[in-house]
Amino acid sequence: MSGTCIISFDCEGKWGLVDNLTSYHLTHFTPLNINKAYLEILTALDEREFSSTFAFVGAFTMEEHYFLDKWSEKLKSSNAHQKWLENFPDSSWFCPELISLVRSFDSQDHEICSHGFTHLAWDTDDINALNLEIDGILDWYSLHSISSQTFIFPRNIIKNKDLLSRFGVNAYRNKISNQYSIHGFERLMQLLNEFNIFAQLRSVSLSQSLPISIPGEIFLNWRSGLRKIIPMNITTRRLGSLLDNAIQNNGVINLWSHPHNFISGDKQIDLFQDCLDVIAMKVQSGDIEVLTQEQYIKKQYATLLNNEY
């Protein structure tokens with residue numbers, strides 16, 4: 001028996017925080033710090049020869065002048081976007097160089113896919129706003145010569161899946177619970193679960209039709225606030241248990257994070273390196289295979305994908 005491990009990143013910069021920007025974000029989430037975080041992540045992956053999925057907010061990796069010339073007025077005419085982008089972006093919101101940075105580690109064949117155009121959540125009823133998002137994603141695809149079959153929903157809110165085929169997407173990263181919709185007791189239970197060193201994967205049924213649901217419930221502990229009290233060795237032991245469970249059941253885990261968490265999280269890169277080492281031991285024993293989201297669906301769902309074309 002063997003299992004699969006996917007490592008994925010929600011790449012959004014300040015675009016993912018537009019409704020919750022703090023002075024810390026404004027001061028620390030600079031292009032310089034963001035590039036440093038991505039370089040640390042990519043170097044850690046490269047040292048272990050692991051491929052990963054980087055899901056970018058399209059506008060985040062556009063040139064500022066291009067976005068302002070082509071998209072600014074269009075988005076301001078959309079009620080949903082006007083509210084979402086009330087604090088309209090300045091130059092620190094744009095990091096177009098990140099696409100080239102990821103691609104410079106070409107030996108690992110990292111996947112670049114979409115995380116929306118402006119990070120507007122897809123649970124809106126405004127179809128015109130969603131059409132704008134899709135048009136923006138397609139424009140971003142064209143600018144960077146991107147063609148990906150997978151998608152990570154903004155805010156991990158899974159809605160309007162029927163629209164994914166319009167920009168060539170056959171699969172999305174799922175999430176059993178939405179971290180943005182739980183409060184109080186549920187958040188406490190989620191925090192306490194991070195101490196569970198005997199954690200098991202939840203049973204997930206294989207998709208029978210498109211779009212394919214890719215498991216994605218394993219969030220790399222963000223060492224900020226109360227989460228800093230969780231010892232790093234507890235996080236790695238918990239990951240080891242999840243990997244063993246995947247091996248025993250031919251299962252898959254999708255370990256995901258935000259690159260900007262490596263700016264705000266205490267010793268976040270150290271925790272990530274430790275987790276990669278746990279995964280590497282399972283890879284070396286032949287029990288775990290590390291794949292990108294696209295590699296995973298091509299391997300696991302080859303028949304389904306072939307029948308659709």
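This is a predicted model: local features need pLDDT of at least 70, side-chain atom pairs count only at pLDDT 80 or more; totals for chains, interfaces and linings use all residues.
How are the two rings arranged? The centres of Phe-9 and Phe-54 sit 5.2 Å apart and the planes meet at 20°, so we call this pair stacked. The cut-off there is under 30 degrees between planes.

Now, where do these two come from? Phe-9 belongs to strand E1, residues 3-11, while Phe-54 belongs to strand E2, residues 53-56. That's 45 residues apart in sequence, so the pair ties those parts together.

Phe-9 has another partner, too. It also forms an aromatic pair with Phe-272, and this one is edge-to-face, with 5.8 Å from centre to centre and 75° between the planes. Here the link runs from strand E1, where Phe-9 sits, to Phe-272 in helix H11, which covers residues 268-284. These two are 263 residues apart, so to speak distant parts of the chain.

Let's step back from Phe-9. How many aromatic pairs does the structure hold? There are 22. Some ring pairs join up into a cluster, and its members are Trp-122, Trp-140, Tyr-141, Phe-151, Phe-153, Phe-167 and Tyr-172.

Last topic: charges over rings. Have a look at Trp-71, where Lys-74 lies over the face of the ring, 4.5 Å from its centre. Then go to Trp-256, which has Arg-173 over its face, at 4.3 Å from the ring centre.

How values were computed:
Residues are numbered from 1 along each chain as its sequence is written. Side-chain values use heavy atoms; hydrogens and water are left out. Rings of Phe, Tyr and Trp (its six-membered ring) pair if their centres lie within 6.5 Å; planes under 30 degrees apart count as stacked, over 60 as edge-to-face and the rest as tilted. Helices (H or I, at least four residues) and strands (E, at least two) are DSSP runs, numbered from the N terminus. A charge sits over a ring if NZ of Lys or CZ of Arg is within 6 Å of the ring centre and within 35 degrees of the ring normal.
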